[in-house]
Amino acid sequence: MSHGLWRVREATKRDKKLRFTALLHHVTTSFLRDCFYALKRQAAPGVDGVTWQEYEQDLENQLAKLQSRIHRGAYRAQPSRRVYIPKTDGRQRPLGIAALEDKIVQQAVVSLLEPIYEEDFLGFSYGFRPGRGPHAALDALTVSIERMPVKWILDADIRGFFDNVDHEWVMKFVQHRVADRRVLRLIRKWLKAGVSEDGQWSETKIGTPQGAVISPLLANIYLHYVYDLWVHAWRRRVARGAVVTVRYADDLVVGFQYRADAERFRRELQERLAKFGLELNADKTRLIEFGRWAEPNRKQRGEGKPETFNFLGFTHYCGKHRKGYFTLWRKATRKRMSAKLEQLKQQLRVRRHEPIPQVGKWLQQVVTGYDNYHAVPGNQRSLSLFRGRLSRLWRHTLRQRGDRRKMTWSQFNRLCARYLPAVRILHPYPHQRFDVTHPRWEPYA
């Protein structure tokens, strides 16, 4: 962070109602250079077709011209290129890929606004924030459920959040802190730039494209005013018992001590979201009995085991530690694992005739990346299942190579031992990491 942006952050700390009237002067050529090198180098190009490597060849000249257009007001946002990626449920998720110069300028605006909003965002807001990745959100959720008297969980899903963000509300929320008309004009240009699909341009009256550099920050600002501030006041003024919540972008999980609070919260949350053009997905939003008392209470009523819920790629379920006390356990969701294995099956088929060491090193990177995210305590069985199914897919591919001598099981097992990393837990227990990152533990942190 530059000295100028550090002063912006300090001013934000001192005055929670301060509106910044001059921010764009921080956007210099060197500032744009830093933003350029912060972008992903292998990202797909937008409608301009310019890649990161091509732009770097004449970087200083290009950035000087871009900086001049920004300050003269001559900068024009280009439409996002619409692409689709498959979701785990079989549907297609629309993404908007911005042109390279739009990515640079959006990264610059994000760097300008982050020092302001990082002082405003609340502690239970995670996702697309510095130092607040998915495992931090998972730790906070686990610690909250284990340490607070949580008996009910509302697993909420906002229907098509990024596609239904209201542009006027976004601008009103940003203007609570930003009064620099040039920055506001840039944000409005990106919202109104539209999308290009198969060469056809279409206007965007609502929504912000998933995949744009600016979209995660705008989403956090939107939900900060729509959800975070509201739920923070609701649990202090309305709730009769304890209420905990964790939000990762548009994924929400709320824990309650009393069912009456949970049912009232669900009704009022629907009303709150409707005011801002959003709604809960009725098919994916569930209220379930969960927590340390769920299993004995359900057993007493003659019901089955407590239900589970999914959050950030993990299925959360009630369990017990070997010493007998309640523990929240997590395992990789079945849909995500199956989708990943199906993707690897197709890629192995394409790479069938490549040299075995080359494919082995690639699979080593795949398993390492998978384990880096999913190797949490309690997930050993899912990790072993993933490794075992992947090894069988690899063996099936090797048997289709048409070699005269078929590989024996002992040879294949040595191959797996060489290239596929052994199953091991890489993450600490949630409360251990949470206590380190939050040395003075506070409720609802």
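Predicted model: local features only at pLDDT ≥ 70, side-chain atom pairs only at ≥ 80, totals over all residues.
Residues are numbered from 1 along each chain as its sequence is written, and side-chain values use heavy atoms, with hydrogens and water left out.

Two cavities of 30 Å³ or more were found in the structure. A cavity is a set of points, on a 1 Å grid over the protein atoms alone, where a 1.4 Å probe fits but cannot get out, and its lining residues have an atom within 4 Å of a point. Grid points are joined across faces, edges and corners, and the volume is the space filled by probe spheres set on the points.

The volume of the largest cavity is about 90 Å³. Its lining consists of 14 residues, and Ser80, Gln106, Trp190, Pro209 and Ala212 lie nearest the centre. Two or more lining residues come from each of helix H5 (100-117), helix H8 (181-192) and helix H9 (215-237). Helices (H or I, at least four residues) and strands (E, at least two) are DSSP runs, numbered from the N terminus. The lining has eight nonpolar, five polar and one charged residues; Ala, Val, Leu, Ile, Met, Phe, Trp, Tyr, Cys and Pro count as nonpolar, Asp, Glu, Lys and Arg as charged, and the others, Gly among them, as polar.

Serine 80 belongs to strand S1 (residues 80-86). This serine counts as buried because its relative accessibility is 7%, where buried means under 20% relative accessible area (1.4 Å probe, protein chains only). Beyond its neighbours within four places in sequence, serine 80 is in contact with residues including Val47, Ile97, Val195 and Pro209; contact means heavy atoms within 4.5 Å.

The second largest cavity holds about 40 Å³ of space. Among the residues that line this cavity are Leu348, Arg351, Trp394 and Arg401. Helix H13 (356-374) and helix H14 (380-399) each supply at least two lining residues, and H14 gives the most, with three. Five residues of this lining are nonpolar, one is polar and three are charged.

The axes of helix H4 (residues 59-72) and H5 come within 12 Å and cross at roughly 65°. Axes are lines fitted to C-alpha atoms, for helices over the stretch in contact, and angles run from 0 to 180 degrees between N-to-C directions. In this contact, Gln62, Leu63, Leu66, Arg69 and Ile70 of H4 meet Glu101, Ile104 and Val105 of H5.

Methods:
1 Å grid on protein atoms, 1.4 Å probe; cavity = no way out; pocket = protein on both sides within 12 Å on 5 of 7 lines; lining within 4 Å. Buried < 20%, exposed > 50% of the residue type's maximum accessible area, 1.4 Å probe, protein only.
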